[in-house]
Amino acid sequence: AETEEKARSEPEISTMQEIKYLAEELSAAAASQEAADRLKSLAELPYDDILSHRVMYGTPGAVVERLQEYKKELGISGVVMEMNYGGRIPYDRGINSMRLLIEKVAPEFN
């Protein structure tokens, strides 16, 4: 999004609902109780932890910076993106996110 506040708040409900759903579904099919408990614990993670370690949301500048960090430290050459994680982000916000990605982020990686 254009601001850190929007980038943080707009996907929060969608992200949290999806993580809780996946944690419950995957834990039901886990190979052991230990694995099931680890998966269930994902549903209890605070949003700030998810933002820090599990997703990449931010302004175009913040996303560019994080991708460059990963490229340098991990040697990545590409990423897989899900633009509407959880499927609950309004259409216009998803389109705006794609526009910012194409116009502001992608040119930094040509």
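These are my notebook entries on a predicted model of a protein.

**Overall make-up.** I started with the secondary structure and counted 6 helices and 0 strands. Reading along the sequence, I wrote the pattern down as α-α-α-α-α-α. I then fitted a box along the principal axes, and the C-alpha atoms fill roughly 45 × 35 × 20 Å.

**Contacts along the chain.** I looked up the contacts between residues at least 6 apart in sequence, and 62% of them join residues at least 24 apart.

**Surface and burial.** The protein has 110 residues, and I found that 28% of them count as buried.

**Charges.** My tally gave 13 positive and 20 negative side chains. I also checked where the two sets sit: their centres lie 2 Å apart.

**The core.** Next I asked myself which residues make up the largest nonpolar core. The list has 7 residues, namely Met16, Ile19, Tyr47, Ile50, Leu51, Val55 and Tyr85. Helix 2 (12-28) and helix 4 (47-53) each give this core at least two residues. Helix 4 supplies the largest share, with 3 residues. A general reminder to myself: nonpolar side chains in soluble globular proteins tend to be buried together.

**A closer look at Ile50.** Which residues does Ile50 touch, once I set aside its neighbours within four places in sequence? I noted contacts with Thr15, Met16, Ile19, Leu45 and Val55.

How values were computed: Residues are numbered from 1 along each chain as its sequence is written. This is a predicted model: local features need pLDDT of at least 70, side-chain atom pairs count only at pLDDT 80 or more; totals for chains, interfaces and linings use all residues. Side-chain values use heavy atoms; hydrogens and water are left out. A nonpolar core is a set of buried Ala, Val, Leu, Ile, Met, Phe, Trp, Tyr and Cys residues joined through side-chain atoms within 4.5 Å. Buried means under 20% relative accessible area, exposed over 50%, partly exposed in between (1.4 Å probe, protein chains only). Helices (H or I, at least four residues) and strands (E, at least two) are DSSP runs, numbered from the N terminus. Contact means heavy atoms within 4.5 Å. Lys and Arg count as positive and Asp and Glu as negative; His and the chain ends are not counted. The place of a charge is taken as NZ of Lys, CZ of Arg, CG of Asp or CD of Glu.
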